[in-house]
Each structure stands twice: as C-alpha cells, then as structure tokens.
Amino acid sequence: MKELLLFIHGLGGNADSTWGSFKDLLSDDEDIRKRYDIAFFEYRTSIGLKFWIRGAPGQVLADALKSEIELRYSTYERITIVAHSLGGLIAKRFILDRLKYDQRLPVFRILFYATPHSGSQLASIAKYVSFMNRHLKQLCKKSDFVDLLNREWAQIDSSGVKKLYCIGGDDAIVSPRNAAENWGNNYITVGNKGHRSLVKPTSHDDLSYIALKKFICGDPESLKRAHSSLDALSKSKIEKDVVNSKYIREVFVETSDVKEYARWFVRPELFYSKMLKTIKGYSSLARYLSLINVEGFKTIVAPPPPAKTTIGEVVAGCEELEAAYRSNIELLSNLESISFRDVESKLEIPEEQRYYAIHLNPDFYPKYTVSTMEKQVEPISLFRKNTFLLTSPAGHGKTNFICDFIETVCFKRSIPCACFSGNDFDGDSDIQETISNELAKYDYDLLEFADDYYSQYQKYTVVAIDGLNESRNIERLGAKLERFLKVIAGTNVKCILTCRCEYFENRFNQLTSGPLASGIFVYDDIVAKTTDRAKDKLLRGYLRHFNIQVDALTNYVHKVLSSDPLLLRFFCESYKGTQENITVLHRLYHLHREEIFRLYFQNKIDSVKSLSGAEPFINTKVNDIIFTIADYMIYNGVYEAIQISQLGFSSEQLDALARIVDEDIVLRRDIRISKTNSERVPMEVIGFTFDEFRDYIISLRLHDSIRDQDPDCFERHLALLDDQNTQIIEGVGRYLFYIIKQSSDSELIDHISQKEWYKRVLYHEFMVIEDRLLNSRDLEYLVSGFKYKRLAADILFNAISRYDSTTYENYNLQFVVESLLSLNGKQRYSVTADNVFEKRDRRIHYHEKQYIHPDFFKNEIDELISFDTFLQDRNLVLFILILYLSAPFRFGSLFRYLSHLLKNNPELFINSAVELAERDGGSYFTVRVNSDLIGRIFHEDDLTTIVAKCLEEMSEKLVRPSQALVCFEYNFEYLISLEERSYGLLPR
C-alpha cells in the first residue's frame with residue numbers, strides 16, 4: 001500500500017501557486033511514484049483579503065486538516081506532511097492535538113519549508129498594513145496562537161514524528177534560527193533561495209527537491225551501510241554463541257511451528273496467502289445453530305488470496321478475520337450445550353442420516369470448536385503484534401532457534417536485524433539508545449532507520465534479545481524493556497525475545513499482563529511441541545556435532561535423550577570427541593548419569609576457565625563457587641533459590657559466578673520477591689539449572705568433604721535418605737550410592753548397605769550398575785527381591801542378557817538360574833510363570849488371526865523348572881524361547897541372548913526351536929520364531945549364511961514348512977523396527 005505525501009501551503013498561497021513544478025517533478029520520479037500518492041490541503045488565505053473577509057483561525061485550520069485526513073485519507077497508514085510557512089504551524093497544531101489526546105496519528109514525518117516557528121517579525125509589521133488579516137496576526141511573534149503552540153509543543157513528546165527543517169539562504173521573512181526551531185534540530189540550508197522560491201524547485205537536481213526526496217526515501221547508500229551495521233551486531237553475537245557452543249548450526253531442527261510463526265511475524269505479506277488457505281468457515285455449524293434460533297454465529301469467509309500483497313492489506317484483512325473468530329469464540333464459550341434432538345428434528349434430510357450428520361461432525365461440539373478456533377486465530381493475531389516472545393525451560397534450544405532464524409531468514413531475505421544477549425544491557429544505555437548510537441554514524445536513529453527501510457523495501461526492522469534471564473541487573477533490564485516496547489508499539493520495528501519460562505513468570509510477567517500485552521505474541525516450550533521425527537533428528541545432530549559415534553542404543557536411551565535436550569547436552573559435553581579422535585560408544589543400553597555428571601563437571605570447569613582472559617577469574621576456582629552453593633544447601637536444607645548475599649562471595653567470586661551463569665547450563669540466577677514488614681523487596685537468588693546435576697554435586701560434597709570434616713552432618717543425611725518425604729531423597733541417594741560404590745571403601749560400603757535407602761536404590765539401579773561394583777550382599781538383596789512380582793520379572797529378564805559369565809562375574813544368567821533352583825517348586829513357579837504371564841487375560845493376535853492364550857505354555861514351563869535338569873542347555877534354551885515368544889514387550893535382552901546362541905551354537909538353537917514348534921503342529925511357532933527372531937537376526941549381514949541354513953533345516957523338520965516363507969513376506973516391514981537403532985557418525 002502506498003504512503004501519502006500531503007502538501008500544505010502557507011500564507012497567500014494555494015496548491016498551484018505555492019509549489020510550482022513540485023508536483024510534476026514528483027510525478028516524473030519513478031522512486032517517488034511507486035511509493036507515494038500526492039495530495040494537497042488547501043484553505044482560504046491571502047495577504048490582500050478584503051477586511052470584511054476574515055481567514056479562519058489557526059486552530060480551525062488544524063481541525064479542518066484533521067477532518068481532511070480522517071475522511072479523505074483514512075485508508076493511509078503512513079502520511080508525510082510537506083508544509084510551507086504558515087502551513088507548518090497548522091500541521092504542528094494538528095499533530096499536537098492528536099498526541100495530547102492520545103489519538104491515532106498517521107503522520108510520521110513532516111518537512112518544514114521556511115516555517116516561522118516563533119512567529120515572523122515581518123508579519124508583526126505587516127499587520128499594521130492589513131490590521132484585519134487574522135493569519136498575519138497569528139504569524140506575529142508572541143501572538144497568542146504561536147505562544148500557546150510553542151508552550152504545548154515543548155511539553156509533548158513528538159519524537160515519534162520524524163522532522164526536517166529546510167531554511168532558505170535568502171529568506172527575508174523567516175530567520176534561519178526561527179525556521180530551524182532551534183539549532184539542535186535536523187535542518188538544511190538551501191542557498192540562493194528566498195521564502196517563496198524555496199518551494200519552487202526547477203529540476204530533480206534542485207537542492208530543495210533533493211532534500212525532500214532524501215527525507216522521504218532516505219539515502220540508499222547510507223541505508224545500506226546502516227543495515228550492514230545492524231547485521232554486524234547480530235553476526236558478532238552469533239559467533240560468540242558458536243564459540244560458547246550455545247549455538248550449534250548442525251543441530252538446529254525446525255521443531256513444531258515456531259519458526260513458521262516467526263517468519264509470519266517478520267514478513268507477513270509473504271505468508272498471507274498461505275494463512276488464508278487454512279481458514280475454516282464453519283458453515284454447517286452456522287446452519288445448525290440457526291435452526292435452534294442461536295443468532296450471531298458468523299460463517300467465516302476468507303478473501304481470495306491477492307496476486308501481490310502489501311503489509312497494509314495483510315493487517316486490514318487479519319483484523320477483520322480475527323474479529324469474526326473472536327465473536328464466534330465468545331458466542332460458543334457462553335453456549336453451555338446444544339440440543340442434538342432439536343437440531344435433528346429440523347434437518348431436511350432423510351431421518352436415518354440425521355444422527356450421523358450431527359454426531360459425527362466435531363464442529364457441533366462447542367468446546368472442541370472453541371479450542372480449534374483459538375488455535376486458528378493464533379497466526380491471524382500474529383500479524384498485528386510488535387513482539388514475539390519465546391519461553392521454554394533451560395537447554396531447550398532458544399538460542400539455537402534465534403541464531404538460526406537470523407541466519408536463515410533475516411540475513412537471507414535482507415531483513416535488518418540487531419541481535420543482543422540479555423546481559424548486553426547491564427550498563428546505563430537503553431535498548432533504543434544502544435541501537436541508535438550504532439546508527440548515528442549514518443545519520444539515523446532506530447525508528448528513523450526502520451521507517452526509511454520500510455518505505456524503501458517494505459520490510460520491518462528486527463531487534464532480537466536472546467536470554468533475558470542472563471542479565472545481571474534484572475530490575476534495570478525490566479524497566480528498559482518496558483520503555484522499549486512502548487516506543488516501538490505501532491512502528492516498523494519488530495522485537496523477538498527469548499527467556500526461560502519460569503524466569504519470565506517470576507520477573508517479566510507484567511509485560512504479558514499489563515497494557516503491553518495486546519502487542520505481544522507468546523510461544524511457550526519448543527520441545528513440548530516437537531514431533532518424534534524432529535527429536536530423532538536433533539539427537540543425531542548433537543552426536544554428529546560433538547563427534548560421538550554410537551553404534552547401537554536402546555529405545556529407552558533414545559527416548560530419554562531425545563526428549564530432554566538439557567540431559568542430551570550434558571551427555572554430549574561429557575563424551576565429546578574431536579574430528580581426529582571420535583568418541584565411539586559401541587553399545588548404549590543404559591545411561592550412567594553419575595558418570596555423565598562427573599565428566600561434565602570436570603569438562604565444564606576447564607571450558608569456563610579457558611573462556612576468560614581476566615587474571616582474577618583464573619585465580620578463582622570455579623568448583624569452589626559451586627561447592628559453596630552445595631554446602632549452603634546441605635547445612636540449611638534449602639535446595640533452590642539461595643540468596644546470593646548470604647553466600648559471602650568476594651568480588652572475584654561474584655565475577656566468576658556471573659561467568660558461570662552466562663553459560664546458562666550449570667547455574668541460573670533469578671529474582672524472588674521477599675515480604676518484609678508488609679513491603680515487597682526483590683532479592684537476587686541462585687540455584688542449579690538441572691536438579692539431577694544439583695543432586696550429584698550435593699552427593700559429591702557429602703562424600704568428599706563433609707564426611708571427614710563433619711561426620712555428624714554426614715550421618716544425619718544418611719538417616720534423612722531413609723525418609724521418603726525428603727525433597728531430594730531419590731537423586732542424592734542414587735548418586736551417593738554410585739560415588740561410594742566406586743570409592744572401593746569397603747568399610748563405608750558395608751555401612752551404607754545396611755540402610756533401607758541403599759536397598760531401594762539397588763533395586764532401581766541393578767540393571768545399569770557395573771557388574772564389578774556388585775558384592776555378595778547386593779546379590780543376596782536381589783534374591784530376596786524375588787518376592788516382589790515386578791522386581792522378580794526385571795531380575796529374571798535382565799539376567800538373560802548377562803549370559804556371558806566371564807563378562808558378568810556376579811549378576812548373570814547362571815546366578816539367577818541357580819537362585820531359582822534354590823527355591824521350592826511353588827516359589828520357583830511363582831517367580832517364573834507368574835511373572836511371564838503377569839497379565840493372564842492378555843491375548844496375542846497374530847497374522848493368521850489366531851488368538852493364543854499365554855497359559856498355553858504353562859505346562860511346558862512347569863515341566864522345565866520342576867527338575868534339576870533345568871541347568872541343562874536344552875531346557876534352559878527352551879525356557880528362554882518360551883519367554884521370548886510369550887513376552888514380546890521384553891524383546892531386547894531375550895533377542896541378544898538368542899542371537900548369541902545362534903552365532904555360537906546354531907544346532908542347539910535349531911533343535912530347541914523345532915521341538916517347540918512341533919508341539920504346536922508348526923502353525924504358531926513357525927510364524928513367531930521365523931519372523932520375529934530369525935527375521936531380526938537375518939538383518940545382521942554376518943549371519944546370512946547361518947540363518948539360511950536354519951531356515952532350510954527347520955522347513956524340512958516342521959509339519960507346515962511353507963509357513964517359513966509366508967512369515968518373512970508378512971513381517972518384512974517389521975524388520976526395520978529393531979530394538980537397537982544404529983547411530984553411526986554421518987560424514988560431514
């Protein structure tokens with residue numbers, strides 16, 4: 001949409017006589033013609049008016065200008081006024097009245113040609129020649145009109161209107177100082193031009209014309225240089241984040257719709273047509289509601305997508321659509337329920353179709369429809385917002401998002417963007433002032449640049465502040481942010497903010513609940529809205545970036561790492577390799593968190609130290625700071641939000657603390673409100689970003705320091721761990737268990753193993769703990785755990801994967817089998833059969849549509865475990881095969897054992913499988929064994945020959961050998977969903 005260039009003549013002039021060839025010159029200028037419409041505001045005035053014809057007072061002319069703009073030019077969002085002489089005073093009065101009464105002001109620029117801001121001395125003389133001329137009187141120095149205008153103008157904030165003062169070098173009517181209003185303003189002087197000739201340029205090279213063109217179009221070269229200057233600020237911030245590994249280009253994944261929304265936010269005209277295609281009309285619901293006399297619901301009709309869209313058209317169209325949606329949402333929200341029967345009775349369709357026409361239409365359920373409409377109105381409302389706020393927990397990719405967005409959207413589409421960190425504004429400079437100072441060398445401030453860039457290229461200017469929570473002066477940043485958002489409201493500046501969600505709620509929530517709320521769009525938690533595919537891509541990207549090769553990992557490990565970006569970051573930082581020396585993890589069946597945190601802690605201390613060049617910081621031990629916080633937690637029983645002033649840090653330590661907080665991984669700084677004597681006093685607090693890492697550090701301090709320095713305190717905490725209501729019992733107990741186990745302090749191990757919490761941790765961790773750390777008492781606890789049904793099943797199934805007794809000397813399959821044989825028959829059956837078939841009503845559905853009850857194997861298991869021959873290879877393999885066939889939800893350990901058996905003793909495997917298959921006539925076991933077991937093992941290249949031989953032998957022995965081929969065809973797609981997924985390092 002074009003802007004309007006509105007000319008206002010001065011005393012004794014009109015549209016033709018005042019401006020001369022100005023209009024023709026502008027019409028011939030392609031740069032002006034494609035961006036501006038030209039109009040003239042006229043009023044009756046003449047120095048020679050007859051004394052009985054009096055010109056309208058200045059205030060009346062300002063009101064007339066107001067009416068002209070509101071009625072004739074109301075469709076223009078942006079108007080530039082070009083005023084000569086008295087016309088400038090009329091325009092000032094109009095602008096002043098709009099600002100004074102807080103009314104919409106479309107005028108954002110004004111150029112004053114020879115305007116006597118303090119009145120004219122010549123007019124003071126001329127009034128005696130024409131004493132009845134009201135306009136001459138009002139132009140006099142110290143006239144009531146001029147005096148009142150100047151007093152009120154000085155009191156109002158007109159900084160939102162860009163001004164240029166043009167002075168005629170030979171102007172004998174208005175002095176240079178008067179025309180410039182004051183010497184501190186932005187003015188230019190045109191030599192050899194008088195009061196009237198100043199506004200009568202003769203060519204495009206006339207200085208009067210050039211001044212106007214540069215004012216409304218900007219200097220293209222200065223604009224480009226200013227744009228490059230802003231981009232340089234963003235590039236500097238991005239490179240800093242790359243060095244600190246806060247931005248990892250290779251791992252950014254476009255999750256959910258956050259980047260799509262951000263694109264719409266900064267370039268709405270490009271995505272307007274796409275948004276219109278998502279509009280749903282709800283015409284059937286409108287028709288049904290009208291049948292039961294519910295009035296006011298509007299069928300939403302999206303306008304046809306225009307061939308070329310301007311931002312003005314986008315805003316207007318979105319406002320209309322949003323109003324329709326909001327009206328419908330309000331109506332349905334107040335509608336408690338709809339009578340289906342009333343609607344059915346009035347539908348003019350066959351009776352047998354009425355029920356389905358209503359009950360199968362989700363739009364007919366008000367709560368569902370309201371929820372759907374609220375989601376659809378989100379992108380529509382986004383187009384008229386000035387601020388895009390992204391909040392999510394620590395480590396969830398906010399910095400990755402903002403940096404990627406700037407590089408792939410702003411830089412590529414030539415959108416000016418200045419990007420900062422929250423701590424960049426810890427000094428005295430305001431946000432607007434900081435950016436304007438950077439632009440000052442190109443004769444711009446932020447708002448002027450944004451206006452000129454928008455006028456030239458129809459693009460907004462973006463200001464991004466990443467990590468509000470990183471600021472070291474929260475109160476000051478909050479005040480600065482409020483001022484900045486007020487300044488940019490309704491301008492061509494778009495602001496993108498990121499902040500940790502809990503931090504924003506505690507400190508900046510007034511932005512989304514106060515008067516600025518209507519201009520802020522909030523998008524919360526990227527990860528919560530991420531698809532499984534995107535999470536998988538994120539995991540692969542992190543492993544590749546940190547030079548980690550994982551040959552195989554379980555579904556459990558994959559799910560945990562891909563769903564928790566902060567833990568994933570800890571993991572990768574702990575095991576990171578280099579391009580020359582890649583870290584290879586062959587099998588990742590479990591996550592050893594104690595090892596992860598131990599490695600991470602040491603790596604992070606080294607990396608934080610290396611980032612600082614300040615000598616005092618290097619002399620300060622980072623671990624001392626972290627341990628001081630942990631000690632405070634231990635002795636005071638407070639595990640979060642520690643008041644910094646109570647920690648007794650020196651200035652050097654505070655500087656080190658700030659450096660660690662900047663990492664936003666280990667520690668986080670917050671502001672909490674304390675009530676003292678009925679007063680709300682803000683206080684600065686510190687805490688650990690990741691609760692599990694906090695628990696590890698506390699455990700480390702208890703073992704390494706407090707145990708020796710304060711044995712009573714150590715014993716108190718050991719006793720506290722038996723209290724399951726203790727806030728941090730689970731985490732500290734787990735990590736203390738591992739730390740003490742690895743210490744090889746037999747006396748201490750024996751001491752804690754008598755605690756109740758020790759047994760709870762063992763039962764939770766026995767599947768992942770290193771076998772060498774298990775002792776005889778631990779094995780006794782495991783045997784005693786057979787009495788717990790779920791625990792017995794875990795002990796049994798996990799032992800199957802520990803079939804190699806040379807690798808697993810303590811807890812292995814042999815140990816479990818011998819333990820089972822030590823039980824009496826009833827106990828043995830309870831541990832095995834009951835746990836295999838813990839859900840006795842479960843049915844297993846196979847491709848032949850046969851429903852096999854798990855109790856089918858009851859007699860076989862009873863027979864196998866009732867004799868001392870249970871330890872014989874044949875019976876043990878038969879037993880494990882039955883477990884495999886009957887418990888498909890525990891494939892992992894069973895598959896690994898049977899795969900091992902097939903590699904090392906294929907004859908035993910074949911004979912056992914055939915024996916079981918023959919018990920069922922071949923139908924059930926052929927399908928199940930061949931497809932789910934041999935089929936999966938067939939996926940391993942080195943077993944192709946062995947599997948082919950197995951299939952051949954089994955096909956000869958089975959009653960229905962054709963089933964072997966059928967099962968492979970049917971289950972081919974299943975083969976790709978392996979229990980273990982390959983995550984080999986991809987080539988760069």
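In which helix is K92 found?

Mentor: K92 is found in helix α4, which spans residues 86-100. Keep in mind that the model is predicted. The relative accessibility of K92 is 0%, and buried means under 20%, so K92 counts as buried. The side chain of K92 makes a polar contact with the side chain of H117, at 3.2 Å. H117 is also listed among the residues in contact with K92 once neighbours within four places in sequence are left aside; the others are F112, L149, N150, W153 and E181.

K162 lies in strand β5, residues 162-168. Its relative accessible area is 10%, so K162 is buried as well. Not counting residues up to four places away in sequence, K162 touches F108, R109, I110, F215, Y444, E448 and D452.

Next comes I69, in helix α3, which covers residues 58-72. I69 has 4% relative accessibility and therefore counts as buried. Its contacts, with neighbours within four places in sequence left aside, are L6, S74, I79, F94, P106 and V107. One of these, F94, has a number that falls within helix α4, residues 86-100, where K92 is found. The C-alpha atoms of I69 and L105 are 9.9 Å apart in space, while the two residues are 36 apart in sequence.

Now the wider setting. The protein chain has 46 helices and 19 strands. Of its 988 residues, 54% count as buried. Among contacts with a separation of 6 or more, 76% are between residues 24 or more positions apart. The accessible surface of the chain comes to about 44600 Å², and carbon and sulfur atoms account for 48% of that.

The largest nonpolar core has 96 residues, and F571, F693 and Y811 touch the most other members. Helix α29, residues 622-636, gives the most to this core, with 9 residues. F693 is in contact with F570, F597, Y600, F601, V666 and F688, leaving aside its neighbours within four places in sequence. Another core, of 50 residues, lies apart from the largest one; I238, V409, I415 and A464 are among its members.

In helix α36, residues 776-784, the buried residues are D778, L779, Y781 and L782. These residues are on the same side of α36 because they cover an arc of only 155° around the axis. The face turned away from that buried side carries the exposed residues S776 and E780. At the N-terminal end, α36 is capped by N775, with a side-chain oxygen 3.1 Å from the backbone nitrogen of R777.

Last, the confidence of the prediction. The mean pLDDT of the protein chain is 76, and 71% of the residues reach 70 or more. The pLDDT is below 50 over residues 48-53, a stretch that has 3 contacts in the model beyond near neighbours in sequence. Residues 921-927 are also below 50, but this stretch has 28 such contacts.

Conventions
Residues are numbered from 1 along each chain as its sequence is written. This is a predicted model: local features need pLDDT of at least 70, side-chain atom pairs count only at pLDDT 80 or more; totals for chains, interfaces and linings use all residues. Side-chain values use heavy atoms; hydrogens and water are left out. pLDDT is the predictor's confidence in each residue, from 0 to 100. Contact means heavy atoms within 4.5 Å. Helices (H or I, at least four residues) and strands (E, at least two) are DSSP runs, numbered from the N terminus. Buried means under 20% relative accessible area, exposed over 50%, partly exposed in between (1.4 Å probe, protein chains only). Accessible areas come from the Shrake-Rupley method with a 1.4 Å probe; for residues, only the protein chains shown count as cover. The arc is that of the directions from the helix axis to the C-beta atoms. A polar contact is a pair of N or O atoms within 3.5 Å; within protein, one must be able to donate a hydrogen and the other to accept it, and residues adjacent in sequence count only if both atoms are side-chain atoms. A nonpolar core is a set of buried Ala, Val, Leu, Ile, Met, Phe, Trp, Tyr and Cys residues joined through side-chain atoms within 4.5 Å.
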